[in-house]
Amino acid sequence: MTSLVCLVVANMIGAGVYTTSGYSLQALGSPIRVLAMWAIAAIIAIAGAICYGGLSRQLVRSGGEYLFLSRAVHPLAGFMAGWISLLAGFTGAIAFAATTFVNYLPAQLKIDSDEEKMLVAVALIACAALLHLFRTGTGAIGQNILVGIKLVAISLFIAIGVASIDWPAQFAASASAAAPGPGISTYANQLMWISFSFAGFNASIYVAGEAKLGRRTVRRSMLFATLGVSLLYLLINAIFLFATATDAIVGRGDIAAVVADHLGGESLGLAVQLLVALSLATSVSAMLQAGPRVYVKMAEDGMLPSWLIPGDGVPRTAILVQAALATLLVCVASIQDLLDYTSFLLSVSAAATVLCLLLPRFRGVPGKRPVILWPLLPASFGTVTLGIAVIGCLYRYQQSPTSLLLSLAVVASGIVVYSLRPKREGLR
């Protein structure tokens, strides 16, 4: 249970929580509106964790979205979910976290040129891959220690912020200075970006087949971790948004560093930079642990080459493939494009997976449904998540078509690869 919770926490707490609110404040015009979007995203993630828990109770095997969609809908649907994980869900997220990691390293290291930043990002991916190339337990223990250090550091920052801010005065000032509210498409786009910070709440399902007492621990780890991280997110962003004047943080991608400098000067600013870097490093590690399990399951089902199947339970080849793809993406894509197309594809995949709870394979029987409030909870999560993704993507397309084109390219390439795959034995 401890390792599963740490896996979920490490997947969730990455770049988004430390960078998003400055941009969201610029778009929404009010700290209170931004915090409300974080609260809505938290509710959606908690609902998602409950729904994924309902799926995991019925099929306790590694594979994630690929596993459930291929069993409940069609092998092509499962393959597309796995393909999205391969090229966006994990690869894009790892590249995004590794690239952002470099931006939060202390200035004293003098990593200034684009080439140096790229090399550091690639080195982080390589180190994280090495951590998981040996026994599963070794990588999990190392990751648990890093996550524990991260949570202690975040808790200390929250304590400093809560004690330093005059909350009533800051709330009043923010309310009086709020700009007129934007349109619904802007809210949807910001909610999609913020929801990306909650991606990873379902990380336990990717390693469910290796979990002890998986039917119980996988489900509980997702719910406990998502509840805890949601609370941390709301507290952290309340501090970010109300610790200093709005003008100082609006549109800033380094909002965490700006607020830390305001609260505790240069020393606290440096400490927060290191905290963000640690969060991003553990996020890269966690995704390199979870993602390859999906590809192994796809290989076992004949959807990917059989050489991805490990002989001793440790998916070394799949880890190396995942690291290589993430490295390639670091070298060719911008942070903005990575965030946009990854957020959209992940939202679509998650919505489709949760809606499997409405299908015969996973909906259970009257009196023994897989989740509470069935069918309202899975239907609401799927509809809201998919709606936010579509509205947000159309909004972003008006600004720049690159992210949508990347998404379409991923889908088209997946269909082509599926049609060309070697015909082997059926799903197992």
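**Stop one: I388 and its neighbours**

Select I388 and show what surrounds it: leaving out residues up to four places away in sequence, I388 touches I44, A188, L191 and M192. Touching, or contact, here means heavy atoms within 4.5 Å. Before going on, keep in mind that this is a predicted model, where local features need pLDDT of at least 70, side-chain atom pairs count only at pLDDT 80 or more, and totals for chains, interfaces and linings use all residues. Residues are numbered from 1 along each chain as its sequence is written, and side-chain values use heavy atoms, with hydrogens and water left out.

I388 sits in helix α16 (residues 376-399). Helices are DSSP runs of H or I with at least four residues, numbered from the N terminus. Is I388 buried or exposed? Its relative accessibility is 11%, so I388 counts as buried; the cut-offs are under 20% relative accessible area for buried, over 50% for exposed, and partly exposed in between, with a 1.4 Å probe and protein chains only.

**Stop two: helix α10**

Next, select residues 184-196, which form helix α10. Its 13 residues should span 18 Å at 1.5 Å a residue, and its end C-alpha atoms are 18 Å apart, which agrees. The expected span is 1.5 Å times one less than the number of residues. Colour the buried residues of α10, among them A188, L191 and M192.

**Stop three: α2 against α3**

Select helix α2 (residues 16-28) and helix α3 (residues 31-58), which pack at about 130 degrees with their axes 9 Å apart. Axes are lines fitted to C-alpha atoms, for helices over the stretch in contact, and angles run from 0 to 180 degrees between N-to-C directions. The two helices, α2 and α3, are therefore oblique to each other, since angles under 35 degrees count as roughly parallel, over 145 as roughly antiparallel, 65 to 115 as roughly perpendicular and the rest as oblique. Show the side chains in the contact: G16, V17, T20, S21, S24, L25 and L28 from α2, and P31, R33, V34, M37 and W38 from α3.

**Stop four: two loops**

Most residues other than glycine have a negative phi, and most peptide bonds are trans. In the loop between α15 (335-354) and α16, find P375; the peptide bond from W374 to P375 is cis, with omega near 0 degrees. L373 is in the loop between α15 and α16, and has a positive phi of about 55 degrees although it is not a glycine.

Finish at K110, in the loop between α6 (91-103) and α7 (114-131). K110 is exposed, with a relative accessible area of 62%.
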